Amino acid sequence: MSSYYCVPGDRLCPADSARPGPGTYEKQGCIFASIAGSIKLNLSENELGAVSHNKNTSNNEKPIITVVREEHQLAVPTVGLLAYCKITHVSPRFVRCNMFAINNQPLKSICHGMIKREAIDSNNKDTVECSQKFRPDDIVIARIISLGDSNSYLLSTAEPELGVVAARTSTGETLVPVACCKMRCPKTNIIESRKVAKIQNDFIEETER
Amino acid sequence: MLSNTNCGWVDGPEELFDPLQFAVDLEMTDKSSDNGVRDVNSLKNDDRVFISKGLITKANGSSYVELGLTKITCSIYGPHETTTDESYSKCLLDTSIKFSPFSRPKRIDPLRITYENSNEMDDTEEAELCSMLEECLLPCILLHKYPKSQIDIIIDIIQEDNEANLLSAIVLSTTVALIDACIELYDTVVAKSLKIDSNLLTVCYMPNLAQVSSLFFDGELTTNELDKYVDECIKQCHILHKAICKVIIDDLKNKDQESKQTKIA
Amino acid sequence: MPRVPVASEDERKFIVDGIQSDFRLDGRTSRMYRPVLLATDVVNTANGSCLLKLGGTIVMAGVTFEFTRTSQESPNEGRIEATVDGSGCHSLRIFGRQRHLFTKQISRSLNYILNNPKCFDREQLCVVKGHHCWLVHVDISVLRYEGNLYDACSFAMKAALSETKVPSLQVTHDEETSEVTVDVCDDPFQFGLLNVSNLPVFISVSQVSGIHIVDTTLKEDSVTLARITYGVKDNGNIVYMSKDGGGSLDLLNLRSMSKVASDIGPQMNSLLLDKIHLSKAKQPLWGHVNENLLFDDINFV
C-alpha cells in the first residue's frame, strides 16, 4: 500500500465527505491537515466504538480522515482523559503525584497532579483518610477533572475503575489486590489498605484508545 | 609524548592535518546530505535555501536553515506544563532569539545580558525579533489544542547575511521545527522580506489559507506601490513554501522506508 | 495589545453587531476618531511638552535635549529616541512583563518613524558636523488607557516636537588651534524650532468581522481579530506598518485597510496641526497659576 503524505495546511477533502480525526482540522467547509505525516482513511465502522453513543446520527457513516506520524505522538493533559501517575506526597487533605502517561501515551515531561481528599472515593467522601488510600510511590490511574492552578492539575479517583494499579510494601514486595480497599503482601500476608482500581476488560479497551 | 601535561601545558594535537582536508570534507557532506534540499532554481545568491531538520536530537523538534548566507538553527521544547498564571485555555509561546557573537562582521558582545526587569538593557534587536516572530506564529498554531501548556522556541543565529533575510529565515526555521515537533498548525507559514532602496517589507504568509499572518514595513511608499510589494513578497513566499514541502515530504518518505526495511529485517 | 475580558458572549455580540451596522458603542461610525484634545507647553522644565487626550486615553509627552558627541556612522546627524512608559498606569490592565513588552513595542514603532530619513530630518539636530549634536529624548508617559495607545502616543509626540524650543547655541571656531567651543545662549527667548512637517501619525486600523474600524476602545479591542498600525504622512504615503492582535488577514482586507489608513492619515495630520496652532493661541489665557490646568477641558483645544 502506497501512502500519501501531507504537510500542515494541505487541503485533504471537503467536509461533507469525511469527518476530521486526529491531525486534521475543519475550516471553511474543508478538512485540512494540521501535522505532517501520512494520510489514513478509516473506513471500518467497527473500530468506531469511541463514538458509539451517537451511532444513529448520519455523521457516523462518513469515514474518519486522520494524519498519522509514527515516531511522534504528543500527549497533552486535557480534561476528561485518564492519567497514569506516581504518588509523591501524601498529606491529610490531598495527595500529590507526578503524571507520566496520558491514555497509554508517555508524556515527554512529567506533569504535576493533585488528588484532593474529596475526590479520592465516591462513597463516604467525608471520612476518607488520604493515608489509608495511597502511599508514596504507588502507581495510580486517575481521571483529569480540571486544569487546576499554576502548580498542578486536579485529578480524581472517584470511580470504581480508578485507583492504585501497582504498589509495593515498605520492604519492596509487590502487593496483590484482594478487595476494593485492601492489598496483601504475598510473603508476609500483611494487609495494607489502598484505593484499589477495579480493572475490567472494557476498561482496558478504553485506556488503550 | 606529552611529558609536561602536569603543569597544564599542552603541546597541541598529536596528529597534524592539512586544512584543505576539512574543506573538501565539508563539501562532500554538503552534497551527500540526504534530508536537505538546495534550491538552485533561482540563480541569485540571496535566495538560495537549504533546509534540514532533526539536527538537535534532544529537542522535541529542530531545524537548520540557510537562506542566502544567513544560517539559523531552531529548536522546539514542549509543549510542557506552564508555571505562569496567565491563561489556561490556550497555549503560551516563549521565544528566545540569540545572535552568536560572530554572526556579524562586528562582534556582538555576548555579555550584553538582557535582564527582564531592567529598563535600559532589554530593548535589543533580539527582543524585537522575538515579538515579531510571536506575532507571526500566533495565528497559525492550534493553540486551543494545548491547554495549560507552553512551547519554548529557541533560535540561534549562527551567521547573518543581510537584514532583509533575517526574519524570513527565522520564520522558515521555526516552521520547519514546529512541523518536526509535530505541533498542530493551521498552515505552513513562510515569510519573505524585500529590500528595495530604503524600503524594507516583510510579509509572513500562509499559502494554503491565503492569509497574511504578520507584516512589517519601514520606508516610504504610496498605497498602490505597497500593494505591488506585498504581491511580490507573496509570490516569493510560494516558492519558499514549495521548498519546505519538498524537504518534509522527502523526509517522511525516507523514514517510512527505513522503518519498513527494519520490519522486514 | 491588552485585552479586557468583556462580561459575556452576548456583550461581544452586541459590540460586533453595532460595528456591523456602523454605529459603535459611543455612537461613532467606523471611520471616526474620538475627540482629540491637546495642550502644548504644559511642563516648564521640558523643552517641549504636550498633554493629549484621545477620548479616555490620556498621554503626556515631554521633550528634553542633551548635548552629546556625534556617532561615527553618521557624523552629520543628531540622535533622537522615544520611550513610552506605562508603569504608573493601572488602567492599562496588563502587568509586569506583558505591560513592559507592550509599551516597548510602541516606543520601538515610534523610533522607527523618528529614524526614517523620509519622516524626520536628523541633520537639524547636528550642532557641529562630526563633533557635537543633540540627543533628543521624547518621553511619553501613559496616564490613562482606554484603547488605541499607538495613535495617541504618535499624536502627542508630533505635537510636543512641533512646539519644542531648541536651545540656541553659539559656536566659535578658533582658526589657530582649530578648536570648537560651544556656548549656550543665556537669553531664554532665543530658541529655534524643529521641522516636523514630514513626521507621520499612526493610524491603527482594526478588523472586526470584516469591517475595518479606526480608534478602537478597550471593549472593541476584545472583539478585534487583527490590527495593523500604519504610519501615514500628510500626503497619504505609508512609512510604517506593523501588525498585532494575533489574527490573520487576507489580501483583500489588507488592501482596503491600507486605503482606510491613507485616507484618514492626512485628515488627522491637518487636524493635529490646527489644534497645535489653536493651543498656542490659547496659552496666554491660562494665566500664571492655574491648579486645574490639566484637569479642565476648557484649557484644551
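**Chatting through a predicted model**

Me: Hi! Is A:Asp137 buried or exposed, and why?
Reply: A:Asp137 counts as exposed because it has 12 C-beta neighbours inside 10 Å. The cut-offs are 20 or more other C-beta atoms within 10 Å for buried, 12 or fewer for exposed, and partly exposed in between, with C-beta atoms placed from the backbone. This is a predicted model, where local features need pLDDT of at least 70, side-chain atom pairs count only at pLDDT 80 or more, and totals for chains, interfaces and linings use all residues. Residues are numbered from 1 along each chain as its sequence is written, while chains are lettered from A and ligands numbered from 1 in the order in which they are written.

Me: Where is A:Asp137 found?
Reply: In chain A, in the loop between helix H1 (130-133) and strand S11 (139-146). Helices (H or I, at least four residues) and strands (E, at least two) are DSSP runs numbered from the N terminus.

Me: And what is its phi?
Reply: A:Asp137 has a positive phi of about 80 degrees, although it is not a glycine.

Me: Over to chain C: what about the phi of C:Asp41?
Reply: Positive too, about 55 degrees, and C:Asp41 is not a glycine. C:Asp41 sits in the loop between strand S1 (36-40) and strand S2 (48-54), and is partly exposed, with 19 other C-beta atoms within 10 Å.

Me: New topic: which residues have the most contacts inside the largest nonpolar core?
Reply: C:Leu52, C:Cys153 and C:Ala156, in a core of 151 residues. Such a core is a set of buried Ala, Val, Leu, Ile, Met, Phe, Trp, Tyr and Cys residues joined through C-beta atoms within 7 Å.
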